[in-house]
Amino acid sequence: TRRPLIAGNWKMNLNHLEAIALVQKLAFSLDEKQLSDVEVVVLPPYVDIRSVQTLITGDNLLLGYGAQDLSTHPSGAYTGEVSGAMLAKLGCGYVVVGHSERRQYHAEDDELVAGKVRAALANGITPILCVGEGLDVREAGGQVAHTVAQMLAGLDRLDAKQVGEVVIAYEPVWAIGTGRTATPADAQEVIGALRAELASRFGEVAQTVRLLYGGSVKASNVAAIMAEADIDGALVGGASIDAEEFARLCRFP
Ligand code: 13P
């Protein structure tokens with residue numbers, strides 16, 4: 001059985017003081033039972049990570065944390081970049097890779113994204129590989145083919161064991177920040193196809209890989225999404241920076 005994972009991608013929101021306040025609120029809104037049933041992870045901006053680490057480790061909070069991006073390079077003259085080793089040193093368990101906002105605004109292509117997946121794994125950090133189609137592809141009915149191809153490109157050069165260490169997030173671009181959620185059946189259609197593809201390429205490890213849905217997930221719709229057979233969690237944007245909403249969302253079971 002796959003443990004549900006709810007990850008909050010804060011995007012470019014909350015400075016380190018606001019980050020501390022949010023994590024504190026989450027810590028007292030969610031009890032130990034809830035945090036053992038569901039894995040809850042926060043993904044703040046880089047500048048917040050040290051503060052979040054200090055709070056979580058200092059108080060033994062049952063919350064995971066990670067980053068929203070990393071460099072493909074181990075170190076060197078890459079101004080503005082942050083390496084996987086630096087994130088690992090801060091105890092990051094997860095890193096988002098290939099978010100549609102980075103693909104769109106920072107011209108990240110599949111090859112770069114695959115390099116970031118490998119960089120995360122090389123540093124013992126679980127990549128959350130984001131895939132998903134735009135509105136044009138959805139309207140032409142190409143969502144499964146597009147998303148499967150994007151996933152395989154992101155997993156380029158990995159063996160089955162490494163694939164078992166990746167989390168995949170299906171985030172249809174038209175559902176991100178729009179309030180327009182995919183129906184649970186729409187999400188299951190694509191996520192089921194992703195798992196079937198993983199099974200045919202990599203074998204039984206496909207049954208352990210966690211596949212998340214992302215795109216306008218809220219406390220009010222998470223349970224229906226999570227009820228689908230192949231959906232193991234959610235990657236949450238807007239609703240993750242409101243402590244009460246996110247805590248309610250994490251209490252879905
Ligand atoms: P929203 O939940 O704000 O739609 O964002 C989803 C997302 O992009 C998470 O990575």
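Residues are numbered from 1 along each chain as its sequence is written, and side-chain values use heavy atoms, with hydrogens and water left out. In this predicted model, local features need pLDDT of at least 70 and side-chain atom pairs count only at pLDDT 80 or more, while totals for chains, interfaces and linings use all residues.

## Cores

A nonpolar core here is a set of buried Ala, Val, Leu, Ile, Met, Phe, Trp, Tyr and Cys residues joined through side-chain atoms within 4.5 Å. Buried means under 20% relative accessible area, exposed means over 50%, and partly exposed lies in between (1.4 Å probe, protein chains only). The largest nonpolar core has 69 residues. I6, L155, I168 and Y213 have the most contacts inside it. Helix 10 (residues 184-202) supplies the largest share of this core, six residues. Helices (H or I, at least four residues) and strands (E, at least two) are DSSP runs, numbered from the N terminus.

What does L155 touch, leaving aside its neighbours within four places in sequence? L155 is in contact (heavy atoms within 4.5 Å) with L129, V163, V166, I168, L198 and F202. Another core, of twelve residues, lies apart from the largest one. V96, V167, A169 and L212 are among its members.

## Ligand site

There are 13 residues around the ligand, counted as near if one of their heavy atoms lies within 4 Å of it. K11, H99, G177, S216 and G238 come nearest.

| Residue | Protein atom | Ligand atom | Distance |
|---|---|---|---|
| N9 | polar side-chain atom | oxygen | 3.0 Å |
| G177 | backbone N or O | oxygen | 2.6 Å |
| G237 | backbone N or O | oxygen | 2.9 Å |

On its own, the ligand has 310 Å² of accessible area, and the protein covers 95% of that. Accessible areas come from the Shrake-Rupley method with a 1.4 Å probe; for residues, only the protein chains shown count as cover.

## Helix 10

Helix 10 has 19 residues. From first C-alpha to last it reaches 26 Å, close to the 27 Å expected at 1.5 Å a residue. The expected span is 1.5 Å times one less than the number of residues. Its buried residues are A187, Q188, V190, I191, G192, L194, R195, E197, L198 and F202. Just after helix 10, G203 takes a positive phi of about 80°.

Helix 12 (residues 243-250) is mostly covered, with six of its eight residues buried. These are A243, E245, F246, A247, L249 and C250. Their cover includes strand 1 (5-9), helix 1 (16-29), strand 2, helix 11 (222-226) and strand 8 (233-236). At the helix start, a side-chain oxygen of D242 reaches to within 3.1 Å of the backbone nitrogen of E244.

S240 lies in the loop between strand 8 and helix 12. Is S240 buried or exposed? S240 is buried, because its relative accessible area is 0%. A polar atom of its side chain lies 3.3 Å from the backbone oxygen of V236. Beyond its neighbours within four places in sequence, S240 is in contact with G8, N9, W10, L22 and F246.

## Other single residues

E39 is found in strand 2 (residues 39-43). At 16% relative accessible area, E39 is buried. Its side chain makes a polar contact of 2.6 Å with the side chain of Y94. Leaving aside neighbours within four places in sequence, E39 is in contact with R3, P4, L5, I6, Y94 and R210.

E81 is found in the loop between strand 3 (64-67) and helix 4 (84-89). E81 counts as partly exposed, at 38% relative accessibility. E81 and S71 are ten residues apart in sequence, and their C-alpha atoms are 5.8 Å apart.

N60 is found in the loop between helix 3 (46-58) and strand 3. Its phi is near 50°, a positive value in a residue other than glycine. N60 is exposed, at 64% relative accessible area.

Conventions: Polar contact = N/O pair within 3.5 Å; in protein donor to acceptor, adjacent residues only side chain to side chain.
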